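Hi,

Here is the structure I promised you.

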Amino acid sequence: MATTNWCIASLARLSLKTSIRPANATIPRFLAPSIVQTRCKSTGTMAMRAREKEKIKAKRKQRFKEYKFATVSNPDEKYSLCDAMRYLRAAEVGRPPSSVTYEINLRMRTPKNSIVLRNRIRLPYPIKNDTQIAVICKEGSGAMHDARASGAVAFGEQSLFDLIKANPNKLPFNRLICHVDCEPALKKANLGRILGPKGLMPSLKTNTITKSVKTLMHEMVGAENYRERIGTIRMPIGNIQFTPKMLAENVKALVGAVKENIVKIEDRVKKDLIEVALTTSNGPGFILNGGFNATDEKIDHTHLTTAM
């Protein structure tokens, strides 16, 4: 018989042996699990990532070079001046005529971050004549004499500076011009914080610094300022009591002035006037087609000259 020690040693050897793996067996395909291999996008080098970012930025810049308008004008939805006035007058019935004005919107095709059109125009039929002008000029100079003769409400240099600082919220004027000789004194007075938010700070851009006070005051009386904002020029063009002929002359004068400004800057930036729309203080907008007479033969322009 085998001894006890021999039996224990044999059992120990069996426990230390490696397990025998079964031979490769063929497994049916419908029982084998499907193996999905996931692939990750390689990040690439720093130069490749930098080039990709530059391509994305270039696409963004090319996508919005010009201003996009919410509505596109339909050729069938354009109106003559008399038709537009007829509908707008009907929309303003019941409101005081003194509080209603015609407004014009000029839409332009213009690149972003380009030169902004701004100027001053004297319409053939001014909308309001409540212009009160103050003139910054040397005490006792010829410019001061011209300002007094032209009807300025305030004039002078240091005395006018003291008036502005003493009453910043109750200024007796709504337009301010400056003579060329007083430009250094105006800069030293530090009035930009008071006059800047009100749009009264004289500057060369707004054509309010001049050598001839008399000529500039004559141009400013009854004149209106216009400025391009987001590819559109908006400004009042007439009172609701204006006749169609009066309104037509104002529209022609403004459109002609804007086209002249576009021609002046044509070598630096390209701008195109694409649409002219007429609206009122509380009414909708009507795109004009350049015609004057109404489409209805029974309606004459004289019918739009009476009170609403």
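The axes of helix α3 (residues 81–91) and helix α9 (residues 244–264) come within 11 Å of each other and cross at roughly 115°. Axes here are lines fitted to C-alpha atoms, for helices over the stretch in contact, with angles running from 0 to 180 degrees between N-to-C directions. Helices (H or I, at least four residues) and strands (E, at least two) are DSSP runs, numbered from the N terminus. On the α3 side Leu81, Cys82 and Met85 meet Pro244, Leu247 and Ala248 of α9, where contact means heavy atoms within 4.5 Å. Sorted by type, the residues of this contact are six nonpolar, no polar and no charged. For that sorting, Ala, Val, Leu, Ile, Met, Phe, Trp, Tyr, Cys and Pro are nonpolar, Asp, Glu, Lys and Arg are charged, and the others, Gly among them, are polar.

Before you go further, please keep in mind that this is a predicted model: local features need pLDDT of at least 70, side-chain atom pairs count only at pLDDT 80 or more, and totals for chains, interfaces and linings use all residues. Residues are numbered from 1 along each chain as its sequence is written, and side-chain values use heavy atoms, with hydrogens and water left out.

Is alanine 84 buried or exposed? At 0% relative accessibility, alanine 84 counts as buried (buried means under 20% relative accessible area, exposed over 50%, partly exposed in between, with a 1.4 Å probe and protein chains only). Not counting residues up to four places away in sequence, alanine 84 touches Tyr79, Leu278, Phe286 and Leu288. Alanine 84 and leucine 288 are 204 residues apart in sequence, yet 7.6 Å apart in space, C-alpha to C-alpha.

In α4 (residues 142–149), the buried residues are Ala143, Met144 and Ala147. They sit on the same side of α4 because they cover an arc of only 100° around the axis; the arc is that of the directions from the helix axis to the C-beta atoms. An α-helix has 3.6 residues a turn, so residues three or four places apart point the same way. The face of α4 turned away from the buried side carries exposed His145 and Ala149. After α4 comes glycine 151, with a positive phi near 95°.

In α8, Val213, Leu216, Met217 and Met220 are buried. These also cover an arc of only 100° around the axis, which puts them on the same side of α8. Exposed Lys214 and His218 are on the face turned away from it. Glycine 222 follows α8, and its phi is positive, near 80°.

How do these pieces fit together? The buried residues of α4 pack against β4 (133–136), β5 (154–156), β6 (175–179) and α8 (213–220). The cover over the buried residues of α8 includes α4, β6 and β8 (223–229). Histidine 179 lies in strand β6 and is buried, with a relative accessible area of 13%. Leaving aside neighbours within four places in sequence, its contacts include Ala143 and Val213.

Zooming out, the protein chain has nine helices and eleven strands. Of its 308 residues, 32% count as buried.
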